[in-house]
Amino acid sequence: MLFRSLPVTVVVATRSYNGTTVATLSSCTATGVLSGDDASCDPASATASFDTKEVGTGKPVTVIGLGMQGLDAGSYRLPASIPTTGTINAKTLTASVLIQSRAYNGTYAATLLGCNPSGVAAGEVIICITANATATFDDKTAGARTAIVSGLEMAGDAMVNYTFSGSAIGTATILKRALDITIVAGDRVYDGTTAAPITSCVITGGIITIGDVTDDVICNPAAQAATFATKDVGTGKTVSLSPVVLGGADGANYGARTLPVTATASITKRTVTAAVAVAGKTYDATRTATILGCSLVDPVGGDLVYCAY
């Protein structure tokens with residue numbers, strides 16, 4: 001029995017450029033299958049190829065190896081080679097950009113360090129040109145930031161097969177601006193803790209001024225949590241402050257150049273009083289008294305201090 005040969009119509013899937021001539025059938029329709037037969041065209045069985053790998057519309061495509069599927073597929077044959085057409089669209093490239101982290105300076109300006117194309121087909125060379133590019137942070141304050149880059153260009157012999165928007169997104173960090181800070185610590189009476197009072201906190205230069213507007217940055221002594229090296233009484237004891245809490249509308253964009261910030265102060269002895277209980281006695285013409293008990297008033301809780309008598 002001879003096979004029944006059928007004419008067939010094929011549709012090639014439109015795709016983006018990928019550097020190859022590979023084509024894919026999205027559908028195929030065989031005409032002339034006998035009523036009741038279980039047979040249809042199988043697009044996955046074919047091998048399809050564009051004439052060239054380059055972008056274009058209505059490009060010649062050759063389809064070979066197309067077959068039938070179904071219980072009665074073996075009774076049918078399709079043409080060995082089927083000419084048709086299809087479209088390869090330009091592929092959209094993206095760019096991976098490297099943005100330089102920097103200290104806060106009150107502006108949105110960002111520095112682009114490099115750019116690499118993403119999505120280039122294997123074996124092809126496309127370069128990213130940054131000569132006319134500009135980069136801008138989305139926020140001028142200190143912290144992890146997004147940078148918007150525009151004015152990028154792509155170049156290379158294969159660029160005719162690609163498109164590129166000229167823009168990209170990168171990330172970097174705006175670091176806190178370092179300030180020189182001097183503190184003065186106050187002496188205090190022993191209280192069993194290492195807490196140290198700060199009486200003065202002075203910022204020396206480094207605050208940004210743009211035009212006639214200077215950033216609002218203050219160092220409030222009362223907001224600082226400084227500590228002595230130990231809790232014990234002593235003179236010229238080292239006081240350390242870290243971190244330095246800066247206030248004002250722009251304080252969060254600044255920090256101390258060196259941590260901890262140090263000063264010296266003293267912890268003086270704590271004065272306590274004694275409450276004593278004295279025994280009564282019969283007059284004996286002397287001043288002698290007998291102490292029955294003694295307790296201290298206002299010692300630091302937890303300290304082992306007693307009254308000896």
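**Aromatic pairs and backbone features**

Tyrosine 254 is buried (under 20% relative accessible area, with a 1.4 Å probe and protein chains only), as its relative accessible area is 1%. The model is predicted, so to speak of local features pLDDT of at least 70 is needed, side-chain atom pairs count only at pLDDT 80 or more, and totals for chains, interfaces and linings use all residues. Residues are numbered from 1 along each chain as its sequence is written, and side-chain values use heavy atoms, with hydrogens and water left out.

Two aromatic pairs are present in the structure; rings of Phe, Tyr and Trp (its six-membered ring) pair if their centres lie within 6.5 Å, and planes over 60 degrees apart count as edge-to-face, under 30 as stacked and the rest as tilted. Tyrosine 17 and tyrosine 162 make an edge-to-face pair, at 5.2 Å centre to centre and 80° between the planes. Tyrosine 17 sits in the loop between strand E3 (15–16) and strand E4 (22–23), and tyrosine 162 in strand E20 (residues 162–164), 145 residues apart. Strands here are DSSP runs of at least two residues, numbered from the N terminus. Both tyrosine 17 and tyrosine 162 are buried.

Tyrosine 104 and tyrosine 254 are edge-to-face because their ring centres are 5.4 Å apart and their planes lie at 70°. This pair, too, links distant parts of the chain, with tyrosine 104 in the loop between strands E13 (102–103) and E14 (109–110) and tyrosine 254 in strand E30 (residues 254–256).

Turning to the backbone, a cis peptide bond joins serine 242 and proline 243, with omega about 0°. Another cis peptide bond, with omega about -5°, joins leucine 259 and proline 260.

Note on methods:
Helices (H or I, at least four residues) and strands (E, at least two) are DSSP runs, numbered from the N terminus. Buried means under 20% relative accessible area, exposed over 50%, partly exposed in between (1.4 Å probe, protein chains only).
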